[in-house]
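Let's take a friendly walk through a protein model. Have the sequence and the 3D view ready as you read.

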Amino acid sequence: MRRKIVFVLLISIAMISCNTQKPADLIVTNGTVYTLNDAFTKVESFAVVDGKIVSTGSTEEILAEYTSENILDAAGKFVYPGFNDAHTHFNGYGENLMQYADLRGTSGPEEIYEIIVAHHEKFGGEWVLGRSWDQNDWQVAEFPDNTKLDELFPDIPVYLVRVDGHAGWCNSKALEMAGITAETKVTGGLVELKNDQPTGILIDNAMGLVSRLIPPITSEQQRLGLLEAQKNCFGAGLTSVTDAGLDKSTALLMEEMQKSGELKMRINAMLNPSEENFEYFVKNGPKKEERLVVNTIKLFADGALGSRGALLLEDYSDDPGNSGIQIEAQEYYDNICRQAYENNFAVATHCIGDGANRLMLDTYGKFLKGKNDRRWRIEHAQIIYPDDIEKFARFSIVPSVQATHATSDMYWAGDRLGEERLNNGAYAYQSLLNQLGWLPNGTDFPVEEIYPLFTFYASVFRTGHDGWPEGGFLIEEALTREQALRSMTIWPAKASFEEKEKGSLEPAKYADFVILDTDLMTASQQEVLHAKIESTWIAGEKVF
């Protein structure tokens, strides 16, 4: 009799336990889950309801508390918050996929000529367009001219954008259409001359004389480009991006595509400083939706180091008499910053050279005055005079960096800067991180490749993929593994005022995560480089 009572009691307890389990839309089990919470806790399992995490713990604990028809056995794989690229040109990358020949990694002009001829034969069009050449990768590391372009395309305009987006290479037809001559002067830009004639190389603001003539992409091409960009980014483990510099029409297209369910990527849309953006967005205050944030104005203080347009305090070591280009006058920056401050918008300014960084740190300081939570940003923060670094802490200015810029530039940065500047304030990511205790990291794609794992690799190891230089480039400025992982998850979320919604795998946050076959915290240098993205998830939905 007693045995029968005990049996009935056990059955009753089991039934009560089953009845008290709560339903979940997804349960992830048996993983090594890096939550990226403040304590950098690891768990095995978590449950998802309505796209958000509701509980984390051991597999046993979660399965005791929740039940689901969708249980994902991670089988010991490694789970991280979805990667977040803090500085991209997501829309531009999509447009490139639709319109531009890919010139990345080319060995010299001859290879480029072959590529653009083949591209034009295949796709045709009124223009020949290309992107991502870099003369620093060539045997003769000098800007090309348009002699051969004129031979190949005497009647069709050619416009080829340098890898950093701060120089264009054009044929004579494009220059003619733009009205560019040896006498053309452009504020914040340069028309390069040789033997008193334009070579076809345009720097910074001079590029706009030609680029504005290119027929605009159709809305359908733009939509398809965004979807293709999204697909590639999901494959790289990205679930969020910051798009640095958008027009009103593009931001609204993204919003429309997100609401229709086509565009699932979460986007922090930085605005170009156009009048229509100020009227439509800025004067109405910050905008925050589930997948779209609009709270920042994007500016440019200078050009790029590779094309010698970055604004330096002293002349380039390899180009005496040239200290780079200041894109706009001081009054312009003051005016934009004033409007941003009054409307509770952040400002994010492209600053490469130590002259540009000082210019904008001091400009921001006039408005921010001291410690604050405005989260105004310096994008790139690449070369900084040592005495200026403390201004990031003094005015609570966020340094937004791209670790792969350091490993791309390291082969020639010393030529531009000289050893003194290179070793004192260049690519100083650890020194910058120490100012606020955090910094967002990204790629600036399509300037660099889209892969956040390359960001992690460059942040920690500071070498090329071949392991050079031994010991790492300016290795004292490397990030730790934990810092690197935070810089591509929770800290970019913080930079866009979204740290309460995403960036870590904690209850009440979006279930945006990525599963890898590799433990980034313990893997060797080569293992990190070859880590595989197993799957990517947004709001508990598998997108790759």
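Predicted model: local features only at pLDDT ≥ 70, side-chain atom pairs only at ≥ 80, totals over all residues.

The protein chain has an average pLDDT of 95, and 97% of the residues reach at least 70. Residues 1–17 are another story: pLDDT stays under 50 there, and the model gives them 0 contacts beyond four places in sequence.

## Inside the protein

The largest nonpolar core holds 126 residues, and Phe83, Phe90, Leu305, Tyr427 and Leu520 have the most contacts inside it. Apart from that one lies another core of 17 residues, including Leu129 and Tyr159.

Take a look at Phe90: among the residues it touches are Leu226, Met254 and Phe445.

## One side of a helix

Which residues of helix α16 (residues 429–436) are buried? They are Tyr429, Gln430, Leu432 and Leu433. These four sit on the same side of α16, because they cover an arc of only 160 degrees around the axis. Their cover includes α13, α14 and α18.

## Salt bridges

The whole structure has 28 salt bridges. One of them joins Glu151 and Lys148 at 3.7 Å, N to O. Both lie in helix α5, 3 residues apart, or about one turn of the helix. Glu151 is exposed, at 54% relative accessible area, while Lys148 is partly exposed, at 29%.

Arg416 pairs with Asp318, their closest N and O atoms 2.8 Å apart. That pair links distant parts of the chain, 98 residues apart. Arg416 is buried at 3% relative accessibility, whereas Asp318 is partly exposed at 28%.

Note on methods
Residues numbered from 1 in each chain as written. Heavy atoms only, no water. Core = buried A, V, L, I, M, F, W, Y, C linked by side-chain atoms within 4.5 Å. Buried < 20%, exposed > 50% of the residue type's maximum accessible area, 1.4 Å probe, protein only. Contact = heavy atoms within 4.5 Å. Helix = DSSP H or I, 4+ residues; strand = E, 2+ residues; numbered from the N terminus. Arc of directions from axis to C-beta. pLDDT = per-residue confidence, 0-100. Salt bridge = Lys/Arg side-chain N within 4 Å of Asp/Glu carboxyl O.
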